Amino acid sequence: MTEKVKLTWNGKQIEAVKGSNLLQAALDNGQEVAHYCYHAGLSIAGVCRMCMVEQDGVPRPFPSCNATCGEGMVIRNDTPKIKAAVENTLQFHLLNHPLDCPVCDQAGECGLQDYYMKHGQYDSQMIDKKVHKEKVQDIGKNVMLDAERCILCSRCTRFTEEVTKTNELGILNRGDHAEITVNENLKNDYAQNLVDICPVGALTSKDFRFKQRVWFLEEVYTTCIGCETGCSVKVSQNKNGSYRVKPVFDETVNGHWMCDDGRSIYKHVSSPTRLQVASENMNGLFVPADESRVVELVTGKKANFILSTSLTNEEYARFFESIKGSKASVALYTLPTQGPEFDGILRRGDKNANLRGAQKAFEAAGFDHTSAGLDKVLNAISASDVAYVVVPEILYNEDHFNTLLKKIEKASTRIALTPGETLSSMKVFNYLLPVPSFLEKEGHIVNFQGTQRQLNAGLSYGETTKDISYYGKWVNV
Amino acid sequence: MERIMEKDTANYKDYSLLSYHHIPGVHNLEVFERAGGYEMMKACFDKDPEAIKEVVKASGLRGRGGAGFPTGVKWGFFTKDRNAQKYLLCNADESEPGTFKDRYLVEKNPHILIEGMIISAWALGTQKGYIYIRGEFQQQAVILERALKEAYAKGYLGKNILGKGFNFDLYVHRGAGAYICGEETGMISSLEGKKGQPKLKPPFPAIKGYRGLPTMVNNVESLAAVPWIMRFGADEYKKWGTEKSAGTKLFSISGDVNKPGVIEVPLGTTLKEIIEVHCGGMRNGNKLKAVVPGGSSAPVFNHDESYSVKMDYEDVASKGSMLGSGAIIVLDETRNIGDLMKWTLEFYHHESCGQCTPCREGTGWLESIFKRRETGKASKADIDTLDKTAASMRGQTICALADAAAMPAQGMIKSFRSELEAYIMTPTNTGKK
């Protein structure tokens, strides 16, 4: 049982867990505290000096990030003394900052801009030569470093030290010549988190650089389908497409972080080669086709469905409902394990985002979800059959998928239901039919812990509202 | 023969720290012991450690590194669990510009420090100690190493010291020459093999220090005073100095005096006496202009303040400066305060560790503002900007370096504003390179 204490923050009573971080308690209670170096997922550095507070009975101001909550504490950060201190400290942060906001990707979500609106002195007294440091450094893993924009909060060095334990980053030199340096190029699989935790534009993502202004983007809060972990994420998108994936704090699953693999899960959704309408294979070239011709073709033929593991529980249920009463056979294609079973942080080798949900749905509908079941279905395919393959949303191992495609060549009619791009290997199909991607549907998946994870729909691209149950109904035509 | 005997006898009457310094070859353990050295160490092993702590506390000895925090009180914060792993560190970094007292003490008489450390280790129950010595003090490090070897050979250090079942290993660690490694947590970081950056407090080193274990850090001079205090008792020690600043203190005097050097006088001695009597007066009979009383981070005293101040913690503080490490820098009328300011600001800009923003950016900016004359951008209002900027750095950082840079700057502005204004408005051509 965690003991609660009451304390007073700027004259307001707030409640917090005894001994918990004072700054975090204030933030949790909706109080505003300027801070750069503090991050709930990292150790305390206490170097940005922005979160200073005064306490009754304590002679000197102190940083709230290095204090713990105690009963009856009376804390203020709205006194003239503290306000002046924050203003001055912000001035020091901006002193040697290049102010290249017009070409900086962080603009719009930058800690310096945000606090400048609130605590800025506006009247610049800096007429001296600024300290210049190296800009545009590619430090590996899609991360770009601009040492000049850096405010040396040390979040990134603490991240590589404490979270990934790879120690690629360090701070070299002293005083105002101190700068972030790479001992070796980034090699950890969580490097993109550095971009997220950097409060300014010092670390930016090569993938996102110069693509969009953040104020033109909206966030979809959903779940990563990159592996069975199922991290909480948000995808930034607008009508032109999706641009980036960032982790969302989730205590039970991913904490503050996500892996680099998960950062690219959005790419197929608004890709120019994304399948948008039903297409027919004309000698290796896919051209838009009339759906009624497909229906005509499959009518009366035996259907074989090979489902993927990245569909939602609801989709599986609707699908099995749609084929009820038919002679269609159904099997499940599971993605092969990729890399170690668990890398010790978040990433898992099992890339099947909703394997547990799929298995449950198969069992409920009386179908075999094992690989033996898949082989059985594949072996039984005859020339007069129709083979439907639901293409996995994220294909880590295309070769493995191609061996599956080899096995369905026996069927005369081969149809792919794909939420993504048209791959070269898809020439094996006669028809390609679009299904919604994970970003275009509401539903649930079950992660490795057996926890239900929510998928949310963002903007839709093309004719992708027809899910697999729509095509499943064709078996009874 | 008699004369030699006299030279071999310690002068406890006049000195506590330099009581052996007149003895030739006292850096040798044999000579030191003949003069009475290591007697107190042997005697203290029969005493209750808590009783030793009490004596040190009662003596009113205050940390001689600069902060002046009572040593006995600091010891009181230390864990009493004798079996717990913990460290005793001696701060011999002595990086404050103008200070060279620890160097003088260690160079001539390393054993007084070692004896003091063994007694302190016994009192505190530490099993391991390090003497963190400034990188530039190569010769002194060699002297200390040799002295340690002698002490080990005699069985005063190592396992089961003098059969008392007490273990204490002592090592010399040489720094790499950063000012900030004289700050106790910066020193601990450096000793741990990291960049010499001060650590966030709390936790204080007494609770969580070197390698995350309880660590006591004391200055050379504080530790070296312990044997004398144990020999004659707290009351005798308190006969020196003032009520709140007990004992004697080493002062490093440099600058425009006839006899610069290290002296040991009771706290509370007037600065006038130090200059006129101990240092033989001002050089060339020049008029005294200013005195930096406690190392480069102490605000400067003008002529009148210098001649009225008594050198103890309280009196110096009441006149707006600090006793610090006891580094007295004397300037005569031929000196320009602008040069002192420039040199001070350059130093702190160079030595800021770069951790906390106000200090990292502020120290550099102070220097830039003051040097605007080199780029032709100077105006008289710059002094106000300088004063304001310095004020906004104070009390905002993990360690006191920001204050150490801001305080002397503000002090010089307070006492010598018109001279500084004239200085910054004098164009130089150094910027045209």
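**Chain A, sheet and interface**

A: Starting with chain A: residues 24 or more positions apart make up 66% of its contacts with a separation of 6 or more, a contact being two residues whose C-beta atoms, placed from the backbone, lie within 7 Å. This is a predicted model, where local features need pLDDT of at least 70, side-chain atom pairs count only at pLDDT 80 or more, and totals for chains, interfaces and linings use all residues. Residues are numbered from 1 along each chain as its sequence is written, while chains are lettered from A and ligands numbered from 1 in the order in which they are written.

Q: How many helices and strands are in chain A?
A: Eleven helices and 22 strands. Those are DSSP runs numbered from the N terminus, helices being H or I with at least four residues and strands E with at least two.

Q: And how much of chain A is buried?
A: 47% of its 477 residues. Buried takes 20 or more other C-beta atoms within 10 Å of the residue's own, exposed 12 or fewer, partly exposed in between, with C-beta atoms placed from the backbone.

Q: What's the strand order in the open sheet of chain A?
A: β2-β1-β5-β3-β4, five strands with mixed pairing. β2 (12-17) and β4 (62-63) of chain A are the edges, each pairing on one side only. Pairing here needs at least two DSSP bridges between the strands.

Q: Which way do β1 and β2 of chain A pair, parallel or antiparallel?
A: Antiparallel, over six bridges, with β1 covering residues 4-9. A:Lys4 sits opposite A:Val17 in β2(A).

Q: Which helix lies across β3 and β5 of chain A?
A: α2(A), residues 80-95, at about 165° to β3(A). Axes are lines fitted to C-alpha atoms, for helices over the stretch in contact, and angles run from 0 to 180 degrees between N-to-C directions.

Q: Switching topic: how many residues does each chain put into the A/B contact?
A: 26 from chain B and 26 from chain A. On the chain B side, α14 (337-351), α15 (357-370) and α16 (382-393) each give two or more residues, and α15(B) gives the most, with ten.

Q: Last one: where does α10 of chain B bend?
A: At B:Phe232, by about 105°, the angle between axes fitted to the seven residues ending there and the seven starting there.
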